[in-house]
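Subject: Structure handover

Hi,

Here is the structure I promised to pass on. Please have a look at it first, and then read my notes below.

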Amino acid sequence: MSTTDLRAAGTTSSGAVSESTTNACRMCMPLGASLAFSGVEGTVPFLHGSQGCATYIRRYLISHFREPMDIASSSVGEDATVFGGESNLRQGIVNVTTVYKPKVIGVATTCLTETIGEDVGSMLRRAVDPDTGLAREFSVEPPILVHAPTPSYAGTHADGYQAAVASTVATIATEGETTDSITLLPGIVSPADIRHLREITDGFGLPTTIMPDYSERLDGVTVARYKKLPPGGTPVDQIRATGHARASVTIGGLTTPGVTIAGEVLAARFGVPHHQVPFPIGIRLTDAFCDLLTELSGNPMPEWLLAERGRLVDAYIDGHKYVAEKKAAVVGDEDLVVGLSAFLAEIGVTPVVIASGGRSGKLAERITACAPELEGRVEIMDDADFTMIQKAAEQAGIDFMVGNSKGYRTTRDLGVPLVRVGMPIHDRMGAQRVGHLGFRGTQELFDRIANALLEKQQNESPLAYSYM
């Protein structure tokens with residue numbers, strides 16, 4: 001989470017290497033895990049580590065989603081750092097169980113507890129053991145305990161998210177008779193995108209479990225009385241059934257080597273067929289996603305979705321003169337920038353700088369696969385920071401940037417628009433309602449890009465154009 005992380009880092013497709021990270025283009029693994037756990041019904045995210053980590057992550061997510069979010073902590077201090085934090089963890093689980101009465105507690109580790117070598121898996125097994133557990137010591141029966149190892153120095157917030165989803169299905173999913181349902185694993189997207197994905201799979205007539213689903217918990221309605229556990233989230237019974245679903249579909253899934261994704265867990269443990277597709281942004285990637293849904297369901301694209309596709313094509317025709325031959329920088333999570341880059345290439349924009357804080361080592365390969373016309377024409381940065389990004393964007397002479405609000409300072413220095421997508425967005429309202437996926441999300445994004453360029457042209461013109 002720190003803005004300065006002194007370590008060898010950052011490589012580009014041209015071979016340049018940064019000696020240190022300044023203003024990193026990523027967040028920490030426990031943050032991503034907390035987000036994923038919040039998408040499971042009746043779950044309290046719990047950080048085994050210092051109180052400060054929970055406070056910072058809570059503030060960060062609240063600022064993006066504009067919703068209350070409780071994240072518990074074992075509050076590991078100096079004594080526990082030296083002698084071990086198991087008693088803090090046990091007392092914390094007891095407190096959370098007593099106060100919230102959750103169905104699941106999602107325990108993620110922080111840098112501190114990972115560095116001192118806490119064996120959290122063994123601690124949780126002792127917590128539920130009939131002889132050594134919390135029921136005997138405190139007369140408190142704990143809920144389902146899920147553990148995700150999330151050392152920030154080993155990955156990004158996207159890795160922490162995927163690790164938490166994988167740990168959840170590994171802990172809860174069970175064998176059984178194969179159902180007609182599929183499991184959709186969407187990666188880090190907005191609540192609006194999750195709702196739209198549900199709408200799309202319903203349109204194909206596919207019974208679907210979306211895991212995790214924080215669309216209601218992090219974009220809810222106003223209620224007269226605060227609820228400790230907001231409604232919504234993927235039900236535990238549905239997570240159990242993911243072990244005997246007919247298939248799983250991972251949207252995105254680029255992770256640092258060593259981080260397993262949930263679809264791989266379901267395939268390895270239960271033999272559930274696993275499919276993996278890029279984020280469906282733009283026409284060709286959304287078509288690919290819909291082709292997979294047709295294959296799984298046996299049904300063609302629904303008429304309303306076909307109409308949305310037609311309206312998007314029409315928008316491309318109407319607006320191509322405003323966006324064609326522009327140059328952009330694309331910044332964000334690896335899965336997101338792959339989809340965004342393919343979309344920009346599709347509308348005639350060259351994403352001359354493509355950057356992510358991710359460390360999968362597969363970013364360039366995946367972009368080439370999704371948008372082969374970009375090969376050799378763009379600078380692709382793994383494990384990037386904003387110092388590297390700004391330098392590359394300045395040299396390339398970009399017209400605009402697409403990315404999260406951490407890119408604001410760069411675009412301000414360069415005098416170009418920032419079209420805000422992804423996470424975090426702290427300096428604008430509505431981040432939870434920004435659509436990115438499908439023909440509808442692409443339509444919103446296309447309009448925002450075209451309008452940002454028109455606004456810049458108007459603001460810089462001495463002629464005060466009102467008709468463009």
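First, some ground rules. This is a predicted model, so to speak: local features need pLDDT of at least 70, side-chain atom pairs count only at pLDDT 80 or more, and totals for chains, interfaces and linings use all residues.

In soluble globular proteins, nonpolar side chains tend to be buried together. A nonpolar core here is a set of buried Ala, Val, Leu, Ile, Met, Phe, Trp, Tyr and Cys residues joined through side-chain atoms within 4.5 Å. Buried means under 20% relative accessible area, exposed over 50%, and partly exposed in between (1.4 Å probe, protein chains only). The largest such core has 101 residues, and the members touching the most others are Phe343, Leu344, Phe400 and Ile449. Helix 14 (residues 334-346) supplies the largest share of this core, 8 residues. Helices (H or I, at least four residues) and strands (E, at least two) are DSSP runs, numbered from the N terminus.

What does Phe343 touch, leaving aside its neighbours within four places in sequence? Its contacts (heavy atoms within 4.5 Å) are Ile281, Gly282, Tyr316, Thr442, Leu445, Phe446 and Ile449. There is also a second, separate core of 17 residues, with Val331, Val352, Met381 and Ile389 among them.

**Helix 2**

Helix 2 (residues 51-65) is 15 residues long and reaches 21 Å from its first C-alpha to its last, close to the 21 Å expected at 1.5 Å a residue. That expected span is 1.5 Å times one less than the number of residues. Its buried residues are Ala54, Ile57, Tyr60, Leu61, Ser63, His64 and Phe65. Their cover includes helix 1 (29-37), strand 5 (43-48), strand 6 (72-73) and helix 9. Just after helix 2, Arg66 has a positive phi of about 60°.

**Salt bridges**

A salt bridge means a side-chain nitrogen of Lys or Arg within 4 Å of a carboxyl oxygen of Asp or Glu. By this rule there are 16.

- Arg195 pairs with Glu216, with the closest N and O atoms 3.9 Å apart. Arg195 sits in helix 9 (residues 191-203) and Glu216 in the loop between strand 10 (208-210) and helix 10 (236-241), 21 residues apart. Arg195 is partly exposed at 32% relative accessibility, and Glu216 is partly exposed at 41%.
- Glu199 pairs with Arg440, with the closest N and O atoms 3.0 Å apart. Glu199 is in helix 9 and Arg440 in helix 18, so this pair ties together parts that are 241 residues apart in sequence. Glu199 is partly exposed at 32%, and Arg440 is partly exposed at 29%.
- Arg420 pairs with Asp427, with the closest N and O atoms 2.8 Å apart. Arg420 is buried, with a relative accessible area of 8%, whereas Asp427 is partly exposed at 29%.

Through shared partners, salt bridges also join Arg195, Glu216, Asp219 and Arg433 into one network.

**A surface patch**

Leu463, Tyr465 and Met468 make a nonpolar surface patch of about 290 Å². Patches are made of residues with over 30% relative accessible area and no salt bridge; like charges are joined within 9 Å, and nonpolar side chains (Val, Leu, Ile, Met, Phe, Trp, Tyr) within 5 Å. Areas come from the Shrake-Rupley method with a 1.4 Å probe, and for residues only the protein chains shown count as cover. Met468 is in the segment after helix 18 (438-460), and is partly exposed, with a relative accessible area of 30%.

Best wishes

Technical notes:
Residues are numbered from 1 along each chain as its sequence is written. Side-chain values use heavy atoms; hydrogens and water are left out.
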